[in-house]
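Have a look at the model first.

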Amino acid sequence: MMADPKRWQIGLVGYGEVGRILAEDLRQQDIKVVAYDIKLEGEQGAALKEHAAKFGVMLAASHAELTAKSDFIISAVTASQAVPVAKACADAINQGTWFLDFNSASPGAKQRAAALIDGAAGRYVEGAVMTSVPPYRIKVPLLLGGPGARELEPLLNAIGFAAKVASDKLGVSSAVKMCRSIMIKGLEAMVIESFTTARAYGVEDAVLASLTETFPAINWEKQGAYFFQRVIEHGRRRAEEVREVAETVREAGLTPWSAQGTAERQAWVADLADEGLFGSKGTKEFARSADWRIEADRILAKIKR
């Protein structure tokens with residue numbers, strides 16, 4: 001295992017929004033990157049291949065090929081795939097290869113993934129991404145957890161990450177992330193429900209004025225537009241993450257009423273987006289409306305139909 005992380009070949013499992021941002025920022029430092037995504041063979045494959053060619057990212061044909069070629073692996077897939085990806089990589093991982101689990105999975109899921117990687121002589125570290133990646137890119141606040149976290153932290157930060165150790169114990173950093181998501185993803189779902197309902201009754205201006213009075217630090221107009229944008233674009237992924245949040249709540253012994261409702265609302269918006277209600281996915285205009293009312297009106301027109 002090379003000591004200098006700038007000389008690593010980094011494997012990205014998952015070449016979605018997060019994977020592509022990390023690839024761009026790593027390639028800017030001339031760090032070698034290889035990526036694999038199950039979507040490479042689907043309808044989104046052409047766009048992913050084009051991006052890889054533009055930034056000089058090698059593409060692998062399987063988890064096994066990527067794992068065998070990598071000194072350091074980042075798993076950045078949908079929440080439900082965290083454990084299956086760990087299993088797929090464990091089958092081919094080289095001894096001592098770092099495996100950073102970037103996924104929004106429950107502490108229990110992270111512990112199961114760790115058992116697979118560590119059991120195959122890899123080195124599993126959990127990572128909890130603490131806010132939206134696009135504004136921060138590779139510098140997104142990242143909490144690390146697990147026995148190897150302290151050793152990996154300076155190596156990650158040497159290649160541009162903003163990582164800090166939360167705990168030597170697995171599951172702690174994920175618990176922080178999951179509990180935060182109850183609030184953040186829940187707030188997104190509540191804003192969509194509240195604002196769209198207010199729009200239906202014609203009382204949105206009064207509702208926003210009242211919210212501003214109670215929480216003057218938040219620009220509710222701007223925040224509302226941003227929440228609508230993010231859920232329309234990433235509702236499917238968010239719904240999966242919040243199902244992991246619900247699992248985290250269950251693991252603590254509580255019934256996840258709020259998290260379950262949030263997951264349903266996020267998935268509902270994702271279904272509408274898949275139907276084309278908010279325009280064509282992949283276009284520059286999709287999920288970029290600065291006025292949440294436009295999207296709320298589309299939802300209301302659909303309901304009335």
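The buried residues of helix 1 pack against strand 1 (9–13), strand 2, strand 4 (72–75), helix 6 (133–136) and helix 10. Bear in mind that this is a predicted model, where local features need pLDDT of at least 70 and side-chain atom pairs count only at pLDDT 80 or more, while totals for chains, interfaces and linings use all residues. Residues are numbered from 1 along each chain as its sequence is written, and side-chain values use heavy atoms, with hydrogens and water left out.

**Helix 1 and its cover**

- Eight of the 11 residues of helix 1 are buried, so this helix is mostly covered; buried means under 20% relative accessible area, exposed over 50%, and partly exposed in between (1.4 Å probe, protein chains only).
- The buried set is E17, V18, G19, I21, L22, A23, D25 and L26.
- Helices (H or I, at least four residues) and strands (E, at least two) are DSSP runs, numbered from the N terminus.

**Helix 1 against helix 2**

- These two helices pack at an angle of about 15 degrees, with axes 10 Å apart; the axes are lines fitted to C-alpha atoms, for helices over the stretch in contact, and angles run from 0 to 180 degrees between N-to-C directions.
- Helix 1 and helix 2 are therefore roughly parallel, given that angles under 35 degrees count as roughly parallel, over 145 as roughly antiparallel, 65 to 115 as roughly perpendicular and the rest as oblique.
- R20, E24 and R27 of helix 1 meet L48, H51 and F55 of helix 2, contact being heavy atoms within 4.5 Å.
- By class, that's two nonpolar, one polar and three charged residues; Ala, Val, Leu, Ile, Met, Phe, Trp, Tyr, Cys and Pro count as nonpolar, Asp, Glu, Lys and Arg as charged, and the others, Gly among them, as polar.

**H51, a closer look**

- H51 sits in helix 2 (residues 45–55) and counts as buried at 14% relative accessibility.
- Its side chain makes a polar contact with the side chain of E24 at 2.7 Å; a polar contact is a pair of N or O atoms within 3.5 Å, where within protein one must be able to donate a hydrogen and the other to accept it, and residues adjacent in sequence count only if both atoms are side-chain atoms.
- Leaving aside residues up to four places away in sequence, H51 touches Y15, R20 and E24.

**Helix 10 against helix 11**

- The axes of helix 10 (residues 220–251) and helix 11 (residues 257–274) come within 7 Å and cross at roughly 160 degrees.
- That makes helix 10 roughly antiparallel to helix 11.
- Residues in this contact include V231, I232 and G235 of helix 10 and A259, Q260 and T262 of helix 11.
- The contact has 12 nonpolar, four polar and seven charged residues.

**K6, ahead of strand 1**

- K6 is in the segment before strand 1 and is partly exposed at 41% relative accessibility.
- The side chains of K6 and Q29 make a polar contact at 3.2 Å.
- K6 and L156 are 150 residues apart in sequence, and their C-alpha atoms are 9.7 Å apart in space.

**Positive phi without glycine**

- D30 isn't a glycine, yet has a positive phi of about 65 degrees; D30 lies in the loop between helix 1 (17–27) and strand 2 (32–36) and is exposed at 62% relative accessibility.
- A121, also not a glycine, has a positive phi of about 75 degrees.
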